[in-house]
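Please look over the sequence and the model shown below before reading on. The notes that follow are grouped by topic.

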Amino acid sequence: MKVGVLALQGAFIEHEKKLEKLGVECIELRQKKDLEQDFDGLILPGGESTVQGKLLKELDMFDILQKRIQDGLPTLATCAGLILLAKEIENQNQTYFSTIPMTVKRNAYGRQLGSFHTIEEMKGIGKVPMTFIRAPYIESVQDGVDILSKVNDNIIAVQYKKQLALAFHPELDEDDSIHQYFINMIKKSTM
Ligand code: GLN
């Protein structure tokens, strides 16, 4: 199994370390030609969604990745990655892959709660430590989107088909359960 990690900007190295710890090979996706390699899953890391979206277009990687996600490539998106997958972004006309029918709010916790840590139940996984950094939350979801977790009544984790989208950063905590869950998703989809 190989996982492609979008490595244009943001917290991609932390995801690679997690996957390697769990025995999974990663390839960094930095330019169009990297997309010619075989990979069975995709990670869209946290960072700055506007910068990542711009680079994806400039480097001509956007359309190829969008098609692969639409065609069912298992995808784990965290924070800025979640924003890239949203069909709608509040107060913003620009959207990106638009592959999950949901509306997200960027920087949703304001200045004071810009960053925080909590532990919350996630459907199908159990208690998960969650680190939020200038995080978005999901304001609403449409049919077919499975809500996996809420914090203070706000949706912060969903699954839609083979896309797992999280507002927090599982790569920054010791716990491996999210990455393990994602690896199992990939295994099931390649069986
Ligand atoms: N605030 C960032 C954005 O809007 C996301 C923050 C993150 O990925 N930690 O893209």
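Is Glu48 buried or exposed, or does Glu48 fall in between? Glu48 is partly exposed, because 15 other C-beta atoms lie within 10 Å, where a residue is called buried if 20 or more other C-beta atoms lie within 10 Å of its own, exposed if 12 or fewer, and partly exposed in between, with C-beta atoms placed from the backbone. This is a predicted model, in which local features need pLDDT of at least 70 and side-chain atom pairs count only at pLDDT 80 or more, while totals for chains, interfaces and linings use all residues. Residues are numbered from 1 along each chain as its sequence is written.

**Surroundings of the ligand**

- The residues around the ligand, meaning those whose C-beta atom, placed from the backbone, lies within 6 Å of it, include Gly46, Gly47, Glu48, Ser49, Cys79, Arg106 and Arg134.
- By class, this shell has five nonpolar, four polar and three charged residues, where Ala, Val, Leu, Ile, Met, Phe, Trp, Tyr, Cys and Pro count as nonpolar, Asp, Glu, Lys and Arg as charged, and the others, Gly among them, as polar.

**Annotated binding site**

- An unreviewed UniProt entry gives the feature "binding site" at Gly47, Glu48, Ser49, Arg106, Ile133 and Arg134; such positions are given in the numbering used here, feature names are shortened, and annotations may be inferred rather than shown by experiment.
- Although these residues are spread over 88 residues of sequence, they cluster in space, with a largest C-alpha distance of 13.1 Å.
- Glu48 lies in the loop between β3 and α2 (49–58), with helices (H or I, at least four residues) and strands (E, at least two) taken as DSSP runs numbered from the N terminus.
- Not counting residues up to four places away in sequence, Glu48 touches Gln9, Gly10 and Ala80, a contact being two C-beta atoms, placed from the backbone, within 7 Å.
- Ser49, which lies in helix α2, counts as buried because it has 27 C-beta neighbours inside 10 Å.
- Leaving aside neighbours within four places in sequence, Ser49 is in contact with Ala80, Ile83 and Leu84.

**Annotated active site**

- The annotation "active site", again from an unreviewed UniProt entry, covers Cys79, His169 and Glu171.
- These residues are spread over 93 residues of sequence, yet they cluster in space, the largest C-alpha distance being 11.1 Å.
- Cys79 is found in the loop between β4 (75–78) and α4 (80–85), and Cys79 counts as buried because it has 29 C-beta neighbours inside 10 Å.
- His169 lies in the loop between β12 (163–166) and α5 (177–190) and is likewise buried, with 23 C-beta neighbours inside 10 Å.
- Beyond four places in sequence, the contacts of Cys79 include Gly46, Ile133 and His169, while those of His169 include Ala11, Gly46 and Thr131.

**Helix α1**

- The buried residues of helix α1 (residues 12–21) are Phe12, His15, Glu16, Lys18 and Leu19.
- They lie on the same side of α1 because they cover an arc of only 160 degrees around the axis, the arc being that of the directions from the helix axis to the C-beta atoms.
- The face turned away from this buried side carries the exposed residues Lys17, Glu20 and Lys21.

**Strands β7 and β8**

- Strand β7 (residues 115–122) and strand β8 (residues 126–133) pair in the antiparallel sense over eight bridges, where pairing requires that DSSP finds at least two bridges between two strands.
- Ser115 has Ile133 of β8 as its bridge partner.
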